[in-house]
Amino acid sequence: MQQISLTGPTLKTNLHTHTTFSDGVNSLSDVIKAYESMDYDVLAITDHNRWMDHRGASTGKLLVLNSNEPSLSHREHLLATGVMAPSPVDAGDRSCERTQEVIDWINQQGGFSTLNHPTWSGMSVDRLLELQRYHSIEICNAGSTGHGSEMSLTHWDELLRRGRRVWGLATDDSHSDWDRGLGWVELYCERDETAVTKTLKAGRFYATTGPKFEHIICDGARLQVRCEPVMGIAVVSAAGPVKVVHGGNNTVQELEWDLSKCDDSYLRIEIHGHDGRKAWSNPIFRD
Ligand SMILES: [Zn+2]
């Protein structure tokens with residue numbers, strides 16, 4: 001398997017946030033204050049079809065990223081993280097025949113491209129397979145909680161099973177105040193705009209609704225995971241869970257696995273807390 005070493009401090013990051021510049025309830029300055037008070041390090045402002053230069057809004061505590069949510073027909077929405085210009089659909093035709101054009105435009109701009117909330121969008125796996133070259137999908141769009149559509153894990157596993165190399169995000173998609181601090185990513189990098197985009201593209205992060213990984217290390221022959229105390233740690237492949245440590249009513253913090261007999265095309269790790277909150281590593285692929 002690929003060698004990875006995810007260890008050390010992380011940046012608490014929400015990549016999907018609305019303000020009164022589109023359909024959010026709160027002003028940019030109120031949103032920034034709220035995320036600062038929850039100890040976030042990085043926040044992307046993603047108003048629908050509206051790019052604005054928000055770099056000046058960064059504070060000593062919070063790096064504010066330029067982003068946008070190009071929103072096309074049939075609820076096909078994307079995140080254009082780190083782009084420095086309006087998207088080609090901000091004005092004009094927004095039919096979903098243009099979704100691929102927008103993905104390619106984000107990538108050409110040096111941005112990090114995401115297909116948002118596949119379950120809320122009613123996107124089939126076939127549609128996700130038809131689209132190419134996006135970096136990630138939202139596996140957890142916490143703002144869809146209560147709308148019966150926050151999780152898209154089945155879409156993710158099906159893409160991975162078909163050989164797609166796609167990272168998984170958890171985001172707030174916050175429009176109000178109840179939907180803040182529910183889903184985010186922890187990035188293994190310094191708090192710098194260029195480093196953040198590079199780290200996202202490299203998949204050096206994990207998604208969470210609460211629990212934290214301490215480290216995820218794979219030297220090719222052995223997998224080592226350490227996390228805060230949780231109910232269970234599961235390694236999931238195309239075949240389902242292939243290695244699990246479970247604490248029952250107690251907790252576990254570590255999983256170690258000899259990969260010499262593993263022939264899976266990818267492995268990803270989930271941790272589950274007793275309170276129902278979860279975190280998901282990105283997949284580790286066979287070289
Ligand atoms: Zn949104």
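Into which domains is the chain divided? There are two entries: domain 1 covers 9-208, and domain 2 covers 213-285. Keep in mind that this is a predicted model. The C-alpha centres of domain 1 and domain 2 are 25 Å apart.

Now the contact between them. On one side, 11 residues of domain 1 take part; they meet 9 residues of domain 2. Which elements give two or more residues to the domain 1 side? They are α5 (153-161), β8 (167-171) and β10 (205-208). Of these, β10 gives the most, with 4 residues.

Next, helix α1. It runs over residues 28-37, and its buried residues are Val-31, Ile-32 and Tyr-35. Why do these line one face of the helix? Looking down the axis of α1, the buried residues fall within an arc of 100°, so they share one face. An α-helix has 3.6 residues a turn, so residues three or four places apart point the same way.

And the other side of α1? There, Ser-29 and Ser-37 are exposed.

What covers the buried residues of α1? The cover includes three strands: β2 (11-14), β3 (42-45) and β4 (63-66).

α1 is followed by Asp-39, and the phi of Asp-39 is positive, near 65°.

That's my tour. Over to you.

Conventions: Residues are numbered from 1 along each chain as its sequence is written. This is a predicted model: local features need pLDDT of at least 70, side-chain atom pairs count only at pLDDT 80 or more; totals for chains, interfaces and linings use all residues. A residue is buried if 20 or more other C-beta atoms lie within 10 Å of its own, exposed if 12 or fewer, and partly exposed in between; C-beta atoms are placed from the backbone. The arc is that of the directions from the helix axis to the C-beta atoms. Two residues are in contact if their C-beta atoms, placed from the backbone, lie within 7 Å. Domain bounds come from an automatic or database domain assignment.
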